[in-house]
Amino acid sequence: MLVIGIAGGTGSGKTTVVNKIINSFPQGEVAVIPQDSYYKDSSHIPPEQRQKINFDEPAAIEWPLLTAHLKALKEGNTIEMPTYSYLTCTRQAETVTVDPCDVVIVEGILVLNDPELRQLMDVRVFVDADPDERLIRVIARDCIERGRTPQMVIDRYQGVLKPMHCQYIEPSKRFADIIVPQGGSNIVAINLLTDYIESRLRRNKKD
């Protein structure tokens, strides 16, 4: 099994990079473990307080569960991955069954921050993008998917996203083996990454 960690700022194009990798391989060969699925449950917090949760700091993630699930997959075991709702800021009752496969991608803004999780990765990738481009993508996404207004997104960007990016996300770039500049639009970098994955898989199968 080849484990790939893909990090980068909010709105950098990580999802686009992940999808292009998935589409380059036969169905069932690649599994994706999103960091967002492992946000801690906030159902015990009053609803009006949940919007104040800082989702961009490491303390918001249940790292031990994410690490345990990745270890289980590497050992050939099936996991039940949690699901999380941004609308209610709570973990859902439903889970997603994930089977072991040739390639597992762990994707999220902070996945290169946790030392134990990082040690389980064979390849570490950081998707980079201009801050203005990231903000535009975040506004478009959060207004459609998370029920926020443009002003709410801008206020959150200035108060939370930007300082957390500078404190946690940008520094994690130093742990990356591969940096993909220009986000998901960098076809050359994505093709090189995909070719590298294919070569590693062929080598693993020979061994």
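1. In this predicted model, strand β1 (residues 2–8) pairs with strand β6 (residues 123–127) in the parallel sense, over five bridges; two strands count as paired if DSSP finds at least two bridges between them, and strands (E, at least two residues) and helices (H or I, at least four) are DSSP runs numbered from the N terminus. Within this pairing, G8 stands opposite V127 in β6.

2. Residues are numbered from 1 along each chain as its sequence is written. Because this is a predicted model, local features need pLDDT of at least 70 and side-chain atom pairs count only at pLDDT 80 or more, while totals for chains, interfaces and linings use all residues; side-chain values use heavy atoms, with hydrogens and water left out.

3. The open sheet is formed by five strands with parallel pairing, in the order β2-β5-β1-β6-β7. Its edges are β2 (30–34) and β7 (178–180), each of which has a single partner strand, so one side of each is left without a neighbour in the sheet.

4. Helix α3 (residues 63–74) packs on the sheet and touches β1, β2 and β5 (103–107), its direction making about 170° with that of β5; contact means heavy atoms within 4.5 Å, and angles run from 0 to 180 degrees between N-to-C directions of axes fitted to C-alpha atoms, for helices over the stretch in contact. Helix α7 lies across β1, β5, β6 and β7, running at about 160° to β1.

5. Helix α1 (residues 14–22) also packs with α7 (residues 187–206), at an angle of about 45° and with the axes 10 Å apart. The contact is made by V17, K20 and I21 of α1 together with I187, I190, L193, T194 and I197 of α7.
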